[in-house]
Amino acid sequence: MPEISPYLSAVGDRHFDGLADKFAGSLYGGLRGELRLALLDRLLPEMLDLQAQPVLEVGGGLGQLAAWLNDRGHPVTLTEPAGEMLDRAAEHLADRPVPRHRLPLQSLPVELPGPWPLVTCHAVLEWLADPRAALATLAGLMAPGGQLSLMVFNRDALRLSNVVKGNLQKALDDRLEGQGRRRRLTPISPLTHGQVVAWAGEAGLCVSQVAGVRVFHDYLRAPPETAADRQALLELEWRYSRVDPHWRLGRYLLYTLIRPEEPVS
């Protein structure tokens, strides 16, 4: 009988009940988390048409993006499938008027169908058993002319990171996915740029903008030690986040996807 993981849902999605502390510490407790948030703070206003429109935040995690949007005048509705993560989001959002719902992505067409002028879904698809279907679901929530801010974990960057670490056979065998059976935070469905572009097209969405988030940091032999070096790294990350070929090796790929006013033939 196959092992049943306490960290996988009935449909095979990775969730974070029981892992909120590890998630917060691993993803946001150091320089890589600081860089991710600092880069998003710069990239999102450039990549999105932000007009204080209502936002559906899918897989809101600890609530950082919902707070960022709310502070800029957007009415935000946050969804998150893990109760422990939703509790952390409530703490982070404090007195901000952000409704919160414990819902998996798959239930949103029934529970919060919209249509929404802006949907955000950052670092979610890589934890799902069927990210292709999830992207189609997100497309169905969008209003005509609406925007989807999508960020995914980059499979090609994960391969390079394994090579840099000396995991040569693992990279050769393309054994890059996590299994979701333990407390390790390797995504179960890391995605390539080609997959995102193809699946977006299938869902009737157009790729408007793309950037790489952390194109250098994860390959450093040693982390920067001084404040000046940390600032220099941030400026390097910012300068090359949208420059080919550097963006293609960002740990995360950040997209703006548009649902056209008229269906694409």
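**Helix packing and other labels**

Reply: Happy to. Let us begin with helix H6 (residues 131-141) and helix H9 (residues 193-202), which pack at an angle of about 45° with their axes 9 Å apart. This is a predicted model, where local features need pLDDT of at least 70, side-chain atom pairs count only at pLDDT 80 or more, and totals for chains, interfaces and linings use all residues. Residues are numbered from 1 along each chain as its sequence is written, and side-chain values use heavy atoms, with hydrogens and water left out.

Me: Why are H6 and H9 called oblique to each other?

Reply: Axes are lines fitted to C-alpha atoms, for helices over the stretch in contact, and angles run from 0 to 180 degrees between N-to-C directions. Angles under 35 degrees count as roughly parallel, over 145 as roughly antiparallel, 65 to 115 as roughly perpendicular and the rest as oblique. The angle here is about 45°, and H6 and H9 are therefore oblique.

Me: Which residues of H6 and H9 meet?

Reply: Pro131, Arg132 and Leu135 of H6 meet Val196, Trp199, Ala200 and Glu202 of H9, where contact means heavy atoms within 4.5 Å. By class, this contact has five nonpolar, no polar and two charged residues. Ala, Val, Leu, Ile, Met, Phe, Trp, Tyr, Cys and Pro count as nonpolar, Asp, Glu, Lys and Arg as charged, and the others, Gly among them, as polar.

Me: What makes H2 and H10 oblique to each other?

Reply: Helix H2 (residues 31-47) and helix H10 (residues 227-240) pack at about 40°, with axes 10 Å apart. By the angle classes already given, H2 and H10 are therefore oblique. Their contact includes Leu35 and Leu39 of H2 and Leu234 and Trp238 of H10. Its residues divide into eight nonpolar, one polar and six charged.

Me: Why is Ala171 called buried?

Reply: Buried means under 20% relative accessible area, exposed over 50%, partly exposed in between (1.4 Å probe, protein chains only). Ala171 has 11%, so it is buried. This residue sits in helix H8 (residues 168-172) and touches Arg159, Val163 and Leu176, leaving aside residues up to four places away in sequence.

Me: What makes Ala123 and Arg214 stand out in their backbone angles?

Reply: Neither is a glycine, yet Ala123 has a positive phi of about 55° and Arg214 one of about 65°. Ala123 lies in the loop between E4 and H6, and Arg214 in the loop between strand E6 (206-213) and H10. With a relative accessible area of 15%, Ala123 is buried; with 4%, Arg214 is buried too.

Definitions and conventions: Helix = DSSP H or I, 4+ residues; strand = E, 2+ residues; numbered from the N terminus.
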